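Dear colleague,

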Amino acid sequence: MSQMKLHDQSDRSTQKSIPIDWSYAEAPENTSHATFLKSYGLFINGSFTNYDESQSFNSINPANGEVLYRCTEASEIDVDIAVKAARASFEGEWGNFSGTQRSHYLYRIARMLQERAREFAVLESMDGGKPIRESRDIDIPLAAAYFFYYAGWADKLPYAFPGKSSKPLGVCAQIIPWNFPLLMLAWKIAPALACGNTVVLKPAETTSLTALKFCELLQDIGLPNGVVNIVTGAGKTGEYLVQHPDIDKIAFTGSTGVGKLIQQSIAKRQISATFELGGKGAFILFDDAALNEAVEGIINAIFFNQGHVCCAGSRLLVQEGVAEKVIDLLKNRMQHLIIGDPLDKNTDIGAVNSKTQLETIQRYVATGIKEGASCYECSGSLPNSGYYFPPTLLTGVSQSSTVVQEEIFGPILTIQTFRTTDEAIEKANNTPYGLANGIWTDKGSKIFYVGSKLKSGVVWSNTYNKFDPTSPFGGYKESGKGREGGISGLHAYVKLVNNGGMN
Amino acid sequence: MAEEQNKDLTSQSKSINSIPKTYKNYINGEFPRTESGRYYSVKAQSGKHIANLSLSTKKDIRNAVQAASKAHAFWANKTAYNRGQIIYRIAEILFGRREQFTNEMVLLGYSREAAEEEIHACIELIIYFAGWADKIGQVFGSVNPVASKHFNFSRQEPMGVVGIICPETPSLLGMLGLLMPNMVAGNSQVIVASKQYPLSACTFAEVLATSDVPAGIVNIITGSKSDLIPSISKHMDVNLLVGDTSLDTDFQFTCELESASNMKRVCYWESFISLDELNSRPDETIATCLDSLKDPYHILYVQEVKTTWHPVSE
Amino acid sequence: MIDRIPIDAVGIQERVSRICTRSIKKESKLQALDLALRMIDLTTLEGSDSDGKVRQLCNKALRPYTKLPNIPSVAAVCVYPNRVALAKKILEDSSISVASVATAFPSGMSSLQIKLDDVHYAVSEGADEIDMVISRGAFLSGEYARVYDEIAHIKEACGSAHLKVILETGELGSLENIRMASDLAMKAGADFIKTSTGKISPAAIMPVVLVMLQAIRDNYNSTGVKVGMKPAGGIRSSKQAIQYLVMVKETLGIEWLHPSLFRFGASSLANDVLMQWVKEKTGRYQSLNYFSND
């Protein structure tokens, strides 16, 4: 065999050199078609209440820190009116609809969302700071997909529960977070309505806009009054809603801390509740994995939506032999991430959702460094105004580090190494959470072995942060109760009765 | 009447010089005494003392949870077929000991007919659930047609350690109704037995000990609910509480409030039948109870759904 | 000799899709169009190629569009060996290289000696660059050493001419094979690795090019040698070309955004780039009627 020759490169340098510093020009998304009001009332019984300045709050555009619009903070009385409207609708028109009728409304919502997708995407990015690439390609299309999926279930419920008949629960109190505002709304409202329930939903106080615009859409399609009611506000409004005596169901997505409070507050009440809470997902990378794809997977796992993802793969567990290589590849890849204006089509990392969250992230990184972690940040300047945090790697951490134990909800990846498969599993499971984990290996049998041992509701193997309406999502342990998506997602919104003669 | 029954038992035992049994907890396949060193007297309806039962406390709960937690992976990793076989074996052993159960139930106030009816139902229930072990995943699992190049499936997996709080009566069927779905599910359990009618639970421990059920999978504790419920619902290594709908509302409140500490799941199933009803209408009440307990959804509710994704490519 | 590296096609496609979401507008688009034009290997590889055809091609390469100032020439013309001398003569005073396919192009189904003769002939006619094909049959039957030796021998035969190694990725069956063939070609001395002959479909597609770029990057990281990349065939629009440039930039860095390290093997791409160029300058969408075919 011939010897490998390192051929001479010198002739290259003699070629005429063309100076190249090719960076992408600004590519801002057009926002002219996405209109919204300066102030909003609540959406109750099919129409908006008057905006009430005396009980209002600002919603800030996190990309520049300026006020975007103002919302009415729903009081106990407002919440009561909303629940009553939902109750009346449940016991009246909506409650009497057939599955077919419900299904047709849901299909129309789905279609309308698709038609107005770009508008919703722009609003979502303005309100929450997420890059337009994500709101356009993921949040809004997926929201529509969830409505499509559950629309189809509305008239097929007898096939969903073998041996049982389903009945709707009644009035559902739903509280959603700020990380995927419209998508979480779809996760909550679509199955609830498909099963015949009515809804009072509270969006997060920093991201109410797409929920309020969604109400316009409901008016356009003529959804009967009271089926969906949206009450805006912060924790207090949520409390009024959860404690309202006439609700039949609570569906909450948010922090584990608040989830526990809700669970305590509804003890003694015969009320069905599902929770989607926090997470501290591990991304287990074996040395035989497709490393380039794995690195891309890591980017998706932790930097998707600025890391504001409950199922984020925030702990990289990498097998020792490839750790150095993976970190090099990762750093290289990170240099091509573009951080900045959420409305720029080339932005990969947008704004952190709020000042409070930015401070939380800063505090965690400071704690990490104080506890001995080394920090690597994406280079490049951040915008001068607004709330931004660069994608960051924390190495030199251990299982006992605060940043490894606690959910940060930001673009911060901790990196640990492992030697054996069982060590990786043990580290992955060594957390009170259990929402999602990732496995990267080229070996099929290892995927099934590790996958069956991971205590989490979702296992992404050789991929990460994938969502689909047909695919159940939810957590083990302190990451929640119940599932959203798929047939499992229907369970959360029905009570089942025996068909009889089964045994 | 009760005295007569007692006499019956005594006369049967005459040949072995009448040795009354010491009923103990069942933890990790062994029969330890309670760490508290305290006992309570279980009495016949007449008020006559029958036996001393462990008045267990949080330390016994701790030991039991520890055993259950340690044994869990072993049970969870068994094949569904194997779990089904082991559970079926319980029915076989139980059948062989039905006289013992009957006598003890009669001792505590069951009519012989009711006791026999209940034991028969228990055997039916065990066999029913044994058969679900390798079918539950087929009925409730799914391959999800996601809109991307991924293979995606959801299957049920064990939840972990379960705290089971038995109804007072039916003393055996009530416990098995809560236990069986959990065993099929692959969970490991700590059972808080009926306070007033604990003998069936204790004797069932002997069935388990002589069956193929691995040590630590089922642990049975006797004592006062007001001691045991708070400590089991506070325990951070318990993932789920299963009780009976008849559970006192204050206890239900405790369960739900304390379960928030680690987001335990809590569910209640209906099996309670008062002794009076049991004795007056054994056929009907047991049949109804059995019907409501033979519900595969109970397995579903004590499992977690795990969804796995994998790309599909050359 | 060469490790088989696992590759997941779905993951690769996801990265590609994300690259394709980059929105290249305004001055960055003009820069990209300029660059794309400079990177083109204007190609004609037909059995019907005549002196006339080659002459036209060379003139187009020299002066792609005369109506605007500052329009750059392309990087090279690519022809069969027996057209090299003519092309070389026309392009003598320009910076445009003459590339020749060789080694029993496109199938490579001949003896090593004939392949070497083919290369010697093209080089002696004046070719600056040789585009060889690998023996796919040998590669697919696991005769990696044979493929390696062939490349090494041909590299030697090239002398000072640059060697582009065509993997014919459309025949290799999997991304993992493509990665392996890339690694093998680089190790054996390739100056460039190239996707396709243009005679097999699919020719250049983005997932394949991404895998090859990753191979180049890993090779550079371990040896310090910068190998060039040439996707060929199927690239017809400016939009595609710009997406490739984004891919190069985000995989290898801007150093590779240079005709000495990246080429497009294409024939109709040049005119589309020119049309886009004019559109950017005038704001009007263009018609091919205003651009010479070749």
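In this predicted model, the contact between chains A and B draws 35 residues from chain A and 32 residues from chain B. On the side of chain A that touches chain B, at least two residues each come from α10 (256-265), α16 (444-453), β18 (458-461) and α17 (486-491). That side of chain A comprises 14 nonpolar, 13 polar and 8 charged residues.

Strand pairing also links the two chains: β18(A) runs parallel to strand β10 (residues 303-311) of chain B, with 3 bridges between them. Within this pairing, A:V458 lies opposite B:T307 of β10(B).

Strand β10 of chain B also contains B:P311. This residue counts as buried because 22 C-beta neighbours lie inside 10 Å, the cut-off for burial being 20 or more. Leaving aside residues up to four places away in sequence, B:P311 touches A:N462 and A:T463, B:K149 and B:H150, and C:D8, C:V10 and C:G11. B:V192, by contrast, is 119 residues from B:P311 in sequence and 45 Å from it in space, C-alpha to C-alpha.

Beyond residues up to four places away in sequence, C:A36 touches C:S238, C:A241, C:I242, C:L245, C:F264 and C:V273.

With kind regards

Key: Residues are numbered from 1 along each chain as its sequence is written. Chains are lettered from A and ligands numbered from 1 in the order in which they are written. This is a predicted model: local features need pLDDT of at least 70, side-chain atom pairs count only at pLDDT 80 or more; totals for chains, interfaces and linings use all residues. Two residues are in contact if their C-beta atoms, placed from the backbone, lie within 7 Å. Helices (H or I, at least four residues) and strands (E, at least two) are DSSP runs, numbered from the N terminus. Ala, Val, Leu, Ile, Met, Phe, Trp, Tyr, Cys and Pro count as nonpolar, Asp, Glu, Lys and Arg as charged, and the others, Gly among them, as polar. Two strands pair if DSSP finds at least two bridges between them. A residue is buried if 20 or more other C-beta atoms lie within 10 Å of its own, exposed if 12 or fewer, and partly exposed in between; C-beta atoms are placed from the backbone.
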